[in-house]
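The structure comes first, and the discussion follows.

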Amino acid sequence: MQKNHEVTSLLQSQKLQQYIRELPDFCRDYFDGIEEKNNLGTRIGYAINLKSFFSYFISHTEKYETISIKEFPFEGLKEIKAQDIEDYLQHLMLYKNTSNKSITNHESSQSRHLSALRSLYCYFNRCGRLEVNPALMVETPKVPTKRLEILHDQDITTLLRGIRSGQGLSPKARSRYYRTWFRDIAIITVFLDTGIRLSELINLDISDIYYEGNLEYALEKMDLITEEYDLEMPPLMPRRGATERLEQWKEECRSCFDQIASSAEDIFPSLAYLSVEKKGTQPDTLYISYRTLGVLIPYIRYFRPSLLSHKYDEDEALFLSMTGDRMAKTSIEEMMDKHSMRYLKKHLNPQKLRDTRGNFILRETGDLALASEVMRHKSINTLKRHYPLTDEEKKRSIAWKTQR
């Protein structure tokens, strides 16, 4: 039986193929050519944007107004001028769709449409089939800088304490909560400690955690330490039981894991790391602190088994859903937003946690190049745009670095 993430990937692939069938034939060569460079979501976005452009250009060009998008010839690309693309971007600002509904596109959306055209022309430039790229002659719409939204220390404390307590939950929601509260804490902790991307986190396997060579060593070491500290480890979560029994079990877990957390520096004195696979590149190494390892190891040992399901039996995935399948992007996004709205009264998404980590690194080091490398941005300008330092923080960083 196919697992949820495999089904989702298959559906996305089918969606992309449907869009490609509606585009001119030469576009198939283009999408085959960028498969290794761009992920599936990006290619779907490009296909949608290209279809929109060709529809516009054909309807506004007398020579082609009688043909379909599918019939648009490759030679037609040579006839598209920079002015045509600029007119198209202007058209995107406000137009009516086939249902006569007004559609608006702001600068960020216009920029994405332009990126799709640039990518198409760049591919055929590299192949030697086109000599000019009119999309490069069009100025990228200036996207307004968004105000950086991060979590402050008090926000993080309030959020994690709220998830631990489970206050404000209905009886129905509480039955699900007992199986997921520690998993949710582990996910948020990994985000805050590493700045990992959501697509990377959902693909993490247990074997991607390394401590002193392998994960088994960390599990064995924790078992030895619990004996040394005379910690009475709680049993695995009962799959069925009255609310009072489950609440008692959770309190036993909290007490025990609080002791592990307070001793984590002694239990795991060496740095651990996550091995993150990225398509077409060497694996990245994301170092994690002893505090994060002190959350991940108990999760793997005592909570993850209660999420395993005979239906899927996803043995390798690190973070599992209630059905035992690898968690999906939407599941993690909904989980975060649900907890944040309940305990912080504001929305939260994985990118905001990544921004929080990036801002913290930059504030602590004041080193743009180092912070950019740790956050694995393609350009240092990305860091400047997303994590700006205040004048006071810049002065403090300089004073710290130049003190004698």
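Phe26, Asp29, Tyr30 and Gly33 in H2 meet Ala116, Ser119, Leu120, Tyr123 and Phe124 in H6, where contact means heavy atoms within 4.5 Å. By class, this contact of H2 with H6 divides into 6 nonpolar, 2 polar and 1 charged residues; Ala, Val, Leu, Ile, Met, Phe, Trp, Tyr, Cys and Pro count as nonpolar, Asp, Glu, Lys and Arg as charged, and the others, Gly among them, as polar.

The model is a predicted one, in which local features need pLDDT of at least 70, side-chain atom pairs count only at pLDDT 80 or more, and totals for chains, interfaces and linings use all residues. Residues are numbered from 1 along each chain as its sequence is written, and side-chain values use heavy atoms, with hydrogens and water left out.

The helix pairs are set out below, with helices taken as DSSP runs (H or I, at least four residues) numbered from the N terminus, and with axes as lines fitted to C-alpha atoms over the stretch in contact, angles running from 0 to 180 degrees between N-to-C directions.

| Helix pair | Angle between axes | Axis distance |
|---|---|---|
| H2 (residues 26-33) and H3 (residues 40-59) | about 155 degrees | 11 Å |
| H2 and H6 (residues 107-126) | roughly 90 degrees | within 10 Å |
| H8 and H15 | about 40 degrees | 7 Å |

With its angle of about 155 degrees to H3, H2 is roughly antiparallel to H3 (over 145 degrees), and H2 passes H3 in a right-handed crossing, that is, with the near helix turned clockwise from the far one by less than a right angle. Phe26, Cys27, Tyr30 and Phe31 in H2 meet Arg43, Tyr46, Ala47, Leu50 and Phe54 in H3, a contact with 8 nonpolar, no polar and 1 charged residues.

Between H8 and H15, the angle of about 40 degrees makes H8 oblique to H15. Ile188, Phe191, Leu192, Asp193 and Thr194 of H8 make the contact with Pro350, Leu353, Thr356 and Arg357 of H15.

The second largest pocket is lined by 25 residues, with Ile156, Leu160, Thr189, Leu192 and Arg291 lying nearest its centre. Helices H8 (171-194) and H15 (350-365) are among the elements that give two or more residues to this lining, which divides into 11 nonpolar, 6 polar and 8 charged residues.

Conventions: Angles under 35 degrees count as roughly parallel, over 145 as roughly antiparallel, 65 to 115 as roughly perpendicular and the rest as oblique. On a 1 Å grid over the protein atoms alone, a cavity is a set of points where a 1.4 Å probe fits but cannot get out, and a pocket is an open set with protein on both sides within 12 Å along at least five of seven lines; lining residues have an atom within 4 Å of a point.
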